[in-house]
Structures are given as structure tokens and as C-alpha cells.
Amino acid sequence: MTMQARLKADPASANDHAARIEAGLGQAARFVRMHSIASIYHAGSGHPGGALSSADLFACLYGAEMNVSPRGVDDPRRDRFVLSKGHAAPALYAVGAYYGFCDAKDALRLRKLNSPFQGHPHVLDLPWVETSTGSLGQGISVAIGMAIGLRIQKNPARVYTMLGDGELQEGQVWEAAMAAAHHGLGALTAVIDYNKLQSDNSNDAIMRLEPLADKWRAFGWDVQEIDGHDIAAILAALRHAGTTPQPSVIIAHTVKGKGVPYMENIPLWHGSVKFTPQQAQEALDALGASEAEKKDFLDV
Ligand SMILES: Cc1ncc(C[n+]2csc(CCOP(=O)(O)OP(=O)(O)O)c2C)c(N)n1
Ligand SMILES: [Mg+2]
């Protein structure tokens, strides 16, 4: 019996296999959180809250779902990813480092002069970044353009984009939502990092989003709502999103600053923050960093 056949025949080993994949993605997410903290610490500025809330989503996209590889950055059939919430660049660089798209030490040079790892992703700086983002609301429109272009070329690649929840207050997002449904872009998956906070307050206090799922449904999208820190749920939602004739949105409920108790749900940790050495240490400790990992990340 081949290994594949054995896995199919034995539900216990299939479960083990799934558990191993989930554990591996959990490790990737942990790396994304630690690396993001470290790069922002070394930069002396940046956006940690939304990097930490999206770490599990990044791990599942790059570690399991998307057809992308460091050797295939020019492959026309690669899947495309657009980080519409461009300020989460530290998490994008971290997941890229974890999966071999860039060097992990290099990627700690966040926001440094002449570094390709700027505060927001730049298409000309890194060959595996598909488009420049940072002006909120625009990434989803770029992703739609990519999906339409791929369809014209009869290219089966998929397009993924990640948005912040505060970002949804941009009017352009809803024009894009309408356009994607109108064009029947089944190849498009939007993931919303629904951490309930924007720059310095809650969405509810600034301009409420609910009923959010109903809004996307009314615009003609396939809608799923999940726990954005549950790896199995993220994987299942991404799998389903690949089967729908209409565009798919995954509303991922998350916690801003997830994994570092002093940051969780505290608007201050959205951005423009400077970690003290003690805070950086404490954050890495909370994420379970070993002494060797702390040395690797902090003593550069
Ligand atoms: C068009 C535009 N307006 C304002 C900003 C400044 N800005 C950067 S992040 C942010 C808040 C975003 O909140 P959210 O989308 O919820 O992001 P997350 O919570 O995931 O960090 C704002 C207003 C921007 N980058 N682009
Ligand atoms: Mg938010």
C-alpha cells in the first residue's frame, strides 16, 4: 500500500496528517508574530497590532492555500496576493521570510534607508510583491483588475487580497465589491482581518460596519464568517472560497495584537509605536520565544 493510499484508508492517520499541517502553520504564524515585533522594534516605528491579528491568515495563505513559491515569482500561473491593508507589511515580510521568499535577517531591516522592506510593500523593491499598497481601499480594486486580466488570458490562477476592517470605511471598497460581483469573479478571494479596531478607536465608535456579512451578501459575494485564529477554520474557508462562481469574502474575526497580552485590543498598538527593549523582550516572551530566538531577533 502506498503512503497516499494508507492515508486515505486510515482516518486516524488522515487526522494526524491534518493536525501536523495545522501545527506547522501555527509555527509559521508564531514566527510571523515574533519577526514582526522584532522588525518594528529595530525600525523604531511601525504597525504591530494589525500584523499580529493577521498572522494566522498569512500563515495559511502562504503556507497552504496559495500556489506561490520563491522559485516561481515570475510564473504566469502563480496565484496573486495583494495586501490591501498595506501597513501590515511587517507580517507580509515575515511570512515571506518564513517561506523562503526573502532572507529573515534582511527582512529585519524594516523602514531603513535603502532597504527594500519599507513600511508599506513596494512592487519595485521585492520581486514577490505583486503591487504597491498602503493607501487604504485601493488594493481590492487592483486585485479585481488582476482577476479580470487573468480571465481574459484564460489563466486559472487565483487572486487573494487582505483588507482591514477600518479600511472597509473607504467608499472605493464598495465600488470594488459591486464590480467584482458584476463581473462574476469567482477567482477572487477577499479576506477581512476583522479585529474591530482601526487607528485610534473601535470601528463601532468611528463608523460601524455591521451587519457586515449581510452587506457583502447584498453585493453578491459568497460570505463566510470564521475565527481568524483557528487554523483549521481558515483552511476550510479558503478551500470553500475556491469553489464558488461568485467572488468570496472571508470575514475573519481576530484580536488586534493577538498573542501579546499587553497589546491585545489596545488601540495604542495600532501604529506609529516605538517598542522599548523591555517591551520587545516581553512580547517575544509572551510568544514563547527561546533564548536563542530572542538573540536571533533582537541582537542584530
Ligand atoms: C486612504 C488612507 N487613509 C488613511 C490611512 C492611514 N491609516 C493607516 S492604517 C489606518 C487604520 C486602518 O484600520 P484597519 O483597516 O482596521 O487596519 P488594522 O486594524 O488591520 O491595522 C489608517 C487610517 C491610509 N493608510 N490610507
Ligand atoms: Mg482593524
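Predicted model: local features only at pLDDT ≥ 70, side-chain atom pairs only at ≥ 80, totals over all residues.
Two strands pair if DSSP finds at least two bridges between them.

Select the five strands that form an open sheet; their order is S1-S2-S3-S5-S4, and the pairing is parallel. The edges are strand S1 (80–83) and strand S4 (222–227), each of which pairs on one side only. On average, neighbouring strands of this sheet are turned by 20° against each other, direction ignored.

Next, select S1 together with strand S2 (residues 159–164). These two strands run parallel and are joined by four bridges. Arg80 has Val159 of S2 as its bridge partner, while Leu83 has Met162 of S2.

Move to helix H5 (residues 89–98). Ten of its ten residues are buried, so H5 is largely enclosed by the rest of the structure. Among the buried residues of H5 are Pro90, Leu92, Tyr93, Val95 and Tyr98.

Centre the view on Val95. Which residues does Val95 contact, leaving aside its neighbours within four places in sequence? They are Ala28, Val32, Phe58, Ala59 and Tyr62. Val95 is also one of the four residues that touch the most other members of the largest nonpolar core, the others being Val32, Phe58 and Ala59. That core has 86 residues, and helix H2 (residues 11–43) gives the most to it, with eleven.

Just after H5, select Gly100, which takes a positive phi of about 85°.

- Arg111 lies in the loop between H5 and H6. Its phi is positive, about 65°, although Arg111 is not a glycine. Arg111 is partly exposed, with 18 other C-beta atoms within 10 Å.
- With 6 other C-beta atoms within 10 Å, Asn114 is exposed.
- Val129 also belongs to the loop between H5 and H6. Val129 counts as buried because 25 C-beta neighbours lie inside 10 Å, and the cut-off for a buried residue is 20 or more. Not counting residues up to four places away in sequence, Val129 touches Pro121, His122 and Val123.

From Val129, a distance may be drawn to Ala176, 47 residues apart along the chain: the C-alpha atoms are separated by 21 Å.

**A cis peptide bond**

Select Glu210 and Pro211, which a cis peptide bond joins, with omega at about 5°. Pro211 lies in the loop between helix H8 (203–206) and helix H9 (212–218).

**Ligand 1**

Finish at ligand 1. Of the 21 residues around ligand 1, which come nearest? They are Gly50, Gly164, Gly166, Glu167 and Gln198. Helix H3 (residues 49–53) supplies the largest share of this shell, three residues. Coloured by class, the shell shows two nonpolar, 14 polar and five charged residues.

Methods:
Residues numbered from 1 in each chain as written. Chains lettered and ligands numbered in written order. Near = placed C-beta within 6 Å. Nonpolar A, V, L, I, M, F, W, Y, C, P; charged D, E, K, R; others polar. Core = buried A, V, L, I, M, F, W, Y, C linked by C-beta atoms within 7 Å. Buried ≥ 20, exposed ≤ 12 C-beta atoms within 10 Å, placed from the backbone. Contact = placed C-beta atoms within 7 Å. Axes fitted to C-alpha atoms, helices over the stretch in contact; angles between N-to-C directions.
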